Amino acid sequence: MRIPQIQITKTDIQMNWNTSKSQQIIKQPQATLKISQPAATLEIRTTNAKLDINMDQMWRDLGITPTGEVIAEYAQKGKQGALQGIARRVSEGYQLMKGGGRGQEGATIPQIAKQNHGPQRPGPYNIKFIPSIGSVKVNITPGTTDVNIQRNAPKIDAQVNKPIHQYTPGKVTGTMVQRPDVQIDVVG
């Protein structure tokens, strides 16, 4: 006896796949940047130096004195000379009054003449260095300089730009070229 047999025939599916890739574009625009640097503030304050030179004593040592002082000095010398002349004449008058005619036999007047007109020698001679040391007086008042610097901070304005993002998704499309099939036959 023959047993019937089952014969199974199968056909696989065949697909034709079409794929398109996804696309992603990312662009990052540069940030907008504005920088400005204000100039620093600079202040300089100075006071002038002062130099005082006093040469009055030097000029006096050289024999050159201001006119006002010369006038005052000569006036003082004239006054002193006048007082000395008055005192001398008074003294001579007393001598004449006391000694005249009392056994002096006219010796008073020659004695007075000798007192007034005796030999006068100039004083001692020495070397003198003029002007004297320290006769020029120098006084210095130093000046000052104050510097004030005020730094100004830079001004930075940064604006971040968002990235540009474009995305196109990919696609997969398929078409069936051959359908799957299963055939079952009974043979026998």
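Reader: Does strand β9 (residues 155-159) lie largely in the open or is it buried, and why?

Author: A residue is called buried under 20% relative accessible area, exposed over 50% and partly exposed in between (1.4 Å probe, protein chains only). Strand β9 lies largely in the open because zero of its five residues are buried. The model is predicted: local features need pLDDT of at least 70, side-chain atom pairs count only at pLDDT 80 or more, and totals for chains, interfaces and linings use all residues. Residues are numbered from 1 along each chain as its sequence is written, and side-chain values use heavy atoms, with hydrogens and water left out.

Reader: Which strand pairs with β9, and in what sense?

Author: Strands are DSSP runs of E with at least two residues, and helices are runs of H or I with at least four, numbered from the N terminus. Two strands pair if DSSP finds at least two bridges between them. Here β4 (residues 32-36) pairs with β9 in the antiparallel sense, over five bridges. Ser36 has Lys155 of β9 as its bridge partner.

Reader: Where does Ser135 lie, and what does Ser135 contact?

Author: Ser135 belongs to the loop between α3 (108-116) and β7 (137-141), and is buried at a relative accessible area of 2%. Contact means heavy atoms within 4.5 Å. Beyond its neighbours within four places in sequence, Ser135 contacts Asn54, Gln57, Met58 and Asp61.

Reader: Is Glu92 buried or exposed?

Author: Glu92, in helix α2 (residues 67-99), is buried, with a relative accessible area of 14%. Residues up to four places away in sequence not counted, Glu92 touches Ile112 and Asn116.
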